[in-house]
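Hi,

Here is the structure I promised to pass on.

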Amino acid sequence: MNKIVIIDDHQLFLHGLKLTLENSSNEVFIFDNPMVALMQIEPLQPDLILMDLNMPEMNGICMLDELAKRQILSPVIVLSACEDYKDVATALQKGAMGFIPKSYAPNDMLIGLETVLKGDVFIPADIEQQLEQLVLQEKKNKEQYHLSDRQTEILLYLHLGKTNREIAQLLSISPDTVKFHQKGIYQILEVSGVSSRAKAIEKAVKVGLLTA
């Protein structure tokens with residue numbers, strides 16, 4: 001009997017999946033709040049964690065980061081109803097062991113779970129090629145729009161909504177130096193005008209330099 005944790009904020013899907021897994025002789029624990037799940041997963045020591053990628057309290061990408069910080073080593077399969085696989089690729093890069101679309105048939109999903117429980121990565125064959133192309137394109141984008149380490153730091157703080165003065169304090173540099181690096185970022189990302197900051201963030205997310 002496998003011990004499985006499911007984290008999903010959609011009640012109908014959550015309880016339907018719980019029933020499906022229990023009918024296959026698994027012990028199942030469900031959470032509709034990722035923050036609550038984080039506090040209770042460690043003592044449970046599950047054999048597998050299934051979680052939605054898009055949740056209001058904390059998305060699946062942040063959840064993977066938190067699990068890693070807490071050294072919770074249970075394999076994770078991410079679930080999503082979205083057909084934009086950018087976040088799926090990010091989740092796999094951060095250590096997720098599999099991806100299952102929410103539209104997947106129950107029997108196919110169980111095969112995916114068994115694959116991961118055996119220690120292998122599971123990605124549906126029709127999606128794997130799309131993910132490989134996406135990762136390849138993001139690699140090309142990062143080569144095309146190459147930022148220095150300092151520029152990358154400043155871009156991240158811009159994405160977090162920090163002012164130039166706040167960024168200067170955080171990095172122990174002058175506001176003028178921040179502005180200098182911003183100009184370089186805008187040139188590399190090929191944006192200009194009064195809304196350059198917003199355009200730079202939007203483009204950085206689009207080409208994979210930032211996570212939305």
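Leaving aside neighbours within four places in sequence, which residues is Tyr-157 in contact with? They are Lys-162, Ile-167, Leu-170 and Leu-171, where contact means heavy atoms within 4.5 Å.

Before the rest, some housekeeping. This is a predicted model, in which local features need pLDDT of at least 70 and side-chain atom pairs count only at pLDDT 80 or more, while totals for chains, interfaces and linings use all residues. Residues are numbered from 1 along each chain as its sequence is written, and side-chain values use heavy atoms, with hydrogens and water left out.

Back to Tyr-157: you'll find this residue in helix 7 (residues 149-159). Helices (H or I, at least four residues) and strands (E, at least two) are DSSP runs, numbered from the N terminus. Tyr-157 counts as partly exposed because its relative accessibility is 22%; the scheme is buried under 20% relative accessible area, exposed over 50% and partly exposed in between, with a 1.4 Å probe and protein chains only. Its C-alpha atom is separated by 9.2 Å from that of Leu-170, 13 residues apart along the chain.

Helix 9 (residues 175-189) comes next. The buried residues of helix 9 are Val-178, His-181, Gln-182, Gly-184, Ile-185, Tyr-186 and Leu-189. Their cover includes helix 7, helix 8 (164-171) and helix 10 (196-206). Just after helix 9, Glu-190 takes a positive phi of about 60°.

Now the cores. A nonpolar core here is a set of buried Ala, Val, Leu, Ile, Met, Phe, Trp, Tyr and Cys residues joined through side-chain atoms within 4.5 Å. The largest has 28 residues, and Ile-7, Ile-41, Ile-49, Met-63, Leu-67 and Val-78 touch the most other members. Among the elements that supply at least two residues each are strand 1 (3-7), helix 2 (34-44), strand 4 (76-80) and helix 6 (125-144). A second, separate core of 20 residues includes Leu-155, Leu-158, Leu-171 and Val-191.

Met-63 sits in helix 3 and counts as buried because its relative accessibility is 0%. Beyond four places in sequence, Met-63 is in contact with Ile-7, Pro-34, Ala-37, Leu-38, Ile-41, Met-51 and Met-58.

Asp-52 lies in strand 3 and is buried, with a relative accessible area of 3%. Its side chain makes a polar contact with the side chain of Lys-102 (3.2 Å). That term means a pair of N or O atoms within 3.5 Å; within protein, one must be able to donate a hydrogen and the other to accept it, and residues adjacent in sequence count only if both atoms are side-chain atoms. A polar atom of the Asp-52 side chain also lies 3.3 Å from the backbone nitrogen of Asn-54. Lys-102 itself is in the loop between strand 5 (98-101) and helix 5 (106-117).

Cheers
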